[in-house]
Amino acid sequence: MQTIEKTVDQNAMLEELSCRAEVRNGQPIGFLRFRNLGGGRLRAVKLRGYGTNAFGECVCVNGSSAFTVLLQDLDIPPHAMSPELTFPLPAAEMRAVTLQEDMTKFADGTIHTHAESAPRPYQIEELSGAGQEGMVLQYLRTITSSAVCLYAEREDGWICLCGRWNERGAESCARCGTSRKRLLTLSDLDEVAQFLKRRRRQEEEAQQKKQEETLRRAEEQRLAEERRLKRRKRLGMAITAVFCVLVMIGISAVFINYALLSSRGTYDSAEQMAHALEGVWAPEGGGAEDELILGYGYVKDPELGDVQIGYIPSRGIFYIGEEKVVVRREEAKAYLEKGGRLYQKAPEGPADTPPASDTSEASKEPTSEKSASSSAPRDTVTLGEKNALENALRYLNNLGGFSREGLAEQLEFEGYSSSEIDYALAHCGADWKEQAAIAASQYLNAMPFSRQGLIEQLEFEGFTHEQAVYGAEQNGY
């Protein structure tokens, strides 16, 4: 520290008053600045000036060594330095000017007259910019930029950080405006230095914690990204596995379907199947009363008469009412499997031809008419019902895979009435479970399905849950 002697005018409202003179365009001009020490905003200043020429000789104005400088319409806040203000010098030979405070006026209307100076000498311990003092001085200048020393108590006043002496009752510094309460802990160099060291250590610890937190978050993000990539990889592997399983299931379904159909006699159309199966089929180990007499689209029943046949040629089965009959083929020979019994086609000849009483004029009618009549008397079947039934059989035999609801919608689309559709559905002899099996086979041939997906698709097509489950099971599920 360095001891500096200072003096302050206790009666002054202005401080750090400085002035210089310049000649511009042949006209001497004065430039001045000062600090407002008053308690309010400064509006006007009246100063006494003394000028000298280039030789230091006093220049008189109107026979007087002093002249007046009046500055008005000012707006300078308390404790603030004024901007550089200009005024004309009263004599052309003036080259230096000395100014003294005379009167000041503030925004609240207060006017202060500086009658005479009241100098107050005092000493300050000015801090150097090196070592511990430099560290403390750097901190003090964060409180007030003009700091030069520590806070110091005196018997009749106190010294601010800016080095300005203030009266004991003053709550803030007249020069920089710093509150005295804020300065009470800043009077001991070692204490302030220890405080700064603690604060610096706390800041370093806080910075270290912040860096550690940043690293921790970065590590968490890295681990989260790794987990996300692993999940994506596992998901990709799972999708690949599911796809492979579906392919295997599809291939298995094809093989199962092929194995199932390889022992059956399948046909390209219902018409081809009907022609191939026409004739008398005798059961193995049975009597003539158990023979099956198949016509084109119907079977002769001793008690019921002609019963409609529903063909499913692609799967090698047909229905007599609700009873399923499977066409088996061994090498070039065909058999029928019905109710757990095998039937073999009897040799054609006069002996195997049904009795004349069984082949009435009605049996000689065209096939389409016999199919349409089914089990109902001829005079009770309308033309619309007959055509609806023929169309229903055409859809079932040529396409297959229709649910009851789907077939009804197709017939309705073709313009048949509700009663005609009901008649066709009641007499078409369709096994809806087998139709579900056909639809399932068609879907699996088109694309791979899971079991649940296949069942849901069949239910969407109008099959009941039981029918959809049966269709899936018949195709390997």
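Q: Why is Ser403 called buried?
A: Ser403 has a relative accessible area of 1%. Buried means under 20% relative accessible area, exposed over 50% and partly exposed in between, computed with a 1.4 Å probe and protein chains only. The value of 1% therefore places Ser403 in the buried class. This is a predicted model, in which local features need pLDDT of at least 70 and side-chain atom pairs count only at pLDDT 80 or more, whereas totals for chains, interfaces and linings use all residues. Residues are numbered from 1 along each chain as its sequence is written, and side-chain values use heavy atoms, with hydrogens and water left out.

Q: Where is Ser403 found, and what does Ser403 touch?
A: Ser403 is located in the loop between H6 and H7. Helices (H or I, at least four residues) and strands (E, at least two) are DSSP runs, numbered from the N terminus. When neighbours within four places in sequence are left aside, Ser403 is in contact (heavy atoms within 4.5 Å) with Trp432, Glu461, Gly462 and Phe463.

Q: What lies 2.8 Å from the backbone nitrogen of Gly406?
A: A polar atom of the side chain of Ser403 lies at that distance from the backbone nitrogen of Gly406. A polar contact is a pair of N or O atoms within 3.5 Å; within protein, one must be able to donate a hydrogen and the other to accept it, and residues adjacent in sequence count only if both atoms are side-chain atoms. The value of 2.8 Å for Ser403 and Gly406 can be set against that limit of 3.5 Å.

Q: What makes H6 oblique to H7?
A: Helix H6 (residues 383-399) and helix H7 (residues 404-413) pack at an angle of about 125°, and their axes are 11 Å apart. H6 is therefore oblique to H7. Angles under 35 degrees count as roughly parallel, over 145 as roughly antiparallel, 65 to 115 as roughly perpendicular and the rest as oblique. Axes are lines fitted to C-alpha atoms, for helices over the stretch in contact, and angles run from 0 to 180 degrees between N-to-C directions.

Q: Which residues make the contact of H6 with H7, and how do they divide by class?
A: H6 contributes Ala388, Asn391, Ala392, Tyr395 and Leu396, while H7 contributes Leu407, Gln410 and Leu411. The contact of H6 with H7 holds six nonpolar, two polar and no charged residues. Ala, Val, Leu, Ile, Met, Phe, Trp, Tyr, Cys and Pro count as nonpolar, Asp, Glu, Lys and Arg as charged, and the others, Gly among them, as polar.

Q: What makes H6 oblique to H8?
A: H6 and helix H8 (residues 418-427) pack at an angle of about 50°, with axes 8 Å apart. H6 is therefore oblique to H8. In this contact, Gly384, Glu385, Ala388, Leu389 and Ala392 of H6 meet Ser419, Glu420, Tyr423, Ala424 and His427 of H8. By class, five of these residues are nonpolar, three polar and two charged.

Q: Why are H9 and H11 called oblique to each other?
A: Helix H9 (residues 432-446) and helix H11 (residues 465-473) pack at an angle of about 50°, with axes 7 Å apart. H9 and H11 are therefore oblique to each other. Trp432, Lys433, Glu434, Ala436, Ala437 and Ala440 in H9 touch Glu466, Gln467, Tyr470, Gly471 and Ala472 in H11. The contact of H9 with H11 divides into six nonpolar, two polar and three charged residues.

Q: How do you know whether Gln435 is buried or exposed?
A: Gln435, in helix H9, has a relative accessible area of 2% and is therefore buried. Not counting residues up to four places away in sequence, Gln435 touches Ile312, Leu396, Gly400, Gly401, Phe402 and Phe463.

Q: Why is helix H1 described as largely enclosed by the rest of the structure?
A: Seven of the ten residues of helix H1 (residues 131-140) are buried, so H1 is largely enclosed. The buried residues in H1 are Glu133, Gly134, Met135, Val136, Leu137, Tyr139 and Leu140.

Q: Why is Glu16 called partly exposed?
A: Glu16, in strand E2 (residues 14-24), has a relative accessible area of 37%, and it is therefore partly exposed. Glu16 also has a positive phi of about 55°, although it is not a glycine.

Q: Why does Asn25 count as exposed?
A: Asn25 has 85% relative accessibility and therefore counts as exposed. Asn25 is found in the loop between E2 and strand E3 (27-36).
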